[in-house]
Amino acid sequence: MVLVLLIIFILLAIIFGYFLLKDILANKNNLGSGNWIISIIIGFITDFLDTLGIGSFAPTTMLLNFTKQLNQDRLLPGTLNVAHSIPVLLEAILLIQVVKVSPVTLFSLIIAAILGSWVGSYTVAKLPEKFVQFWMGWALIATAVLMACKQLGLLDMLGTGNTATSLVGVKLVIGIIGNFIFGGLMTIGVGLYAPCMAMVYMLGLNPLVAFPVMMGSCAGLMPVASINFIKAGTYSRKVSLGITIGGIVGIIIAVNFLKGLNIDILSWIIVVVIIYTGFTYIQKSRKLTA
């Protein structure tokens with residue numbers, strides 16, 4: 001199973017790389033706004049955190065907003081997906097371990113997330129800026145709430161005693177629909193990790209099953225969604241490249257040297273800042289409509 005996933009991820013990396021390189025070369029004199037050094041640092045930090053299980057979308061949004069790297073908020077969803085596609089593929093290749101899980105369950109949920117991201121990217125790429133700001137704000141708040149629940153152990157309680165490694169019947173259908181929705185939501189900036197983990201727990205699966213599902217889903221759906229953003233040109237080329245470069249370095253360091261890091265305090269700080277950033281986006285969207 002790991003070998004099959006590895007082959008899929010490598011093929012996705014090649015296909016995604018082709019479209020990205022083609023677009024970059026075609027627009028080499030117009031890479032957009034942003035600072036190379038700041039973008040690389042953001043990539044290093046956020047994908048470092050992603051490797052530790054915190055996620056990358058919300059921290060990236062927070063840092064991009066704080067450093068004002070994007071001159072148009074409507075470019076945020078595309079930038080998030082394009083920038084983190086290669087890093088998340090690398091992360092999946094390095095971190096996926098052998099976890100006992102039904103192949104049908106694993107691949108069904110991953111494919112559902114990929115299809116959801118495909119549909120979502122077509123929709124989000126055409127949305128007006130104020131709409132993106134409004135829903136991005138709520139997406140961030142929702143992510144922060146789920147992160148807080150995880151820190152408080154509420155999601156762990158949902159999974160107490162769970163031993164199942166497969167979904168069948170109605171539960172499998174619910175899982176497929178859920179991951180389809182999560183894949184679509186990821187294209188507007190809400191991370192898949194926390195909602196996927198909550199769903200896996202509530203469906204009675206062993207909590208460990210969440211990890212191959214989460215990593216496989218993100219590694220599969222982000223490049224797919226990003227190709228649409230690249231074709232539409234709705235992403236920041238310079239910022240995305242910088243984050244990708246920094247993210248690769250961050251992942252390698254995190255995997256090799258920081259496995260035992262205690263991240264509880266850092267996670268709570270991020271929750272607070274993400275909530276603040278979410279409300280900021282909602283407020284900005286209201287100003288545009290005023």
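Which helix holds both F134 and W138, and how many residues apart are they? Both lie in helix 6 (residues 129–152), four residues apart, about one turn of the helix. The model is predicted. Its mean pLDDT is 83, and 87% of the residues score at least 70.

**Confidence**
- Helix 2 (residues 36–51) has the highest confidence in the protein, at a mean of 93.
- Helix 7 (residues 154–158) has the lowest, at a mean of 63.

**Transmembrane annotation**
- An unreviewed UniProt entry lists residues 6–25, 37–58, 106–125, 131–149, 170–203, 209–227, 239–259 and 265–282 under "transmembrane region".
- In the model, residues 37–58 are 77% helix and 0% strand. The end C-alpha atoms of that span lie 20 Å apart.
- Residues 131–149 are 100% helix and 0% strand. Here the end C-alpha atoms lie 27 Å apart.

**Nonpolar cores**
- The largest nonpolar core has 61 residues. Within this core, F9 and L192 touch the most other members.
- Helix 10 (residues 210–232) gives the most to this core, with nine residues.
- Leaving aside residues up to four places away in sequence, F9 touches L89, A92, I93, I96, G216, A219 and G220.
- A second, separate core has nine residues, including I24, V82, I230 and Y235.

**Aromatic pairs**
- The structure has three aromatic pairs. Two of them are described here, starting with F44 and F48.
- The ring centres of F44 and F48 are 6.1 Å apart, and their planes meet at 25°. Planes under 30 degrees apart count as stacked, so this pair is stacked.
- F44 and F48 sit four residues apart in helix 2, which separates them by about one helical turn.
- F44 is partly exposed, with a relative accessible area of 30%. F48 is buried, at 11%; the cut-off for buried is under 20%.
- F134 and W138 have ring centres 6.4 Å apart and planes at 70°. Planes over 60 degrees apart count as edge-to-face, so this pair is edge-to-face.
- F134 has a relative accessible area of 28% and is partly exposed. W138 is also partly exposed, at 36% relative accessibility.

Notes:
Residues are numbered from 1 along each chain as its sequence is written. This is a predicted model: local features need pLDDT of at least 70, side-chain atom pairs count only at pLDDT 80 or more; totals for chains, interfaces and linings use all residues. Side-chain values use heavy atoms; hydrogens and water are left out. UniProt positions are given in the numbering used here, feature names are shortened, and annotations may be inferred rather than shown by experiment. Helices (H or I, at least four residues) and strands (E, at least two) are DSSP runs, numbered from the N terminus. pLDDT is the predictor's confidence in each residue, from 0 to 100. A nonpolar core is a set of buried Ala, Val, Leu, Ile, Met, Phe, Trp, Tyr and Cys residues joined through side-chain atoms within 4.5 Å. Buried means under 20% relative accessible area, exposed over 50%, partly exposed in between (1.4 Å probe, protein chains only). Contact means heavy atoms within 4.5 Å. Rings of Phe, Tyr and Trp (its six-membered ring) pair if their centres lie within 6.5 Å; planes under 30 degrees apart count as stacked, over 60 as edge-to-face and the rest as tilted.
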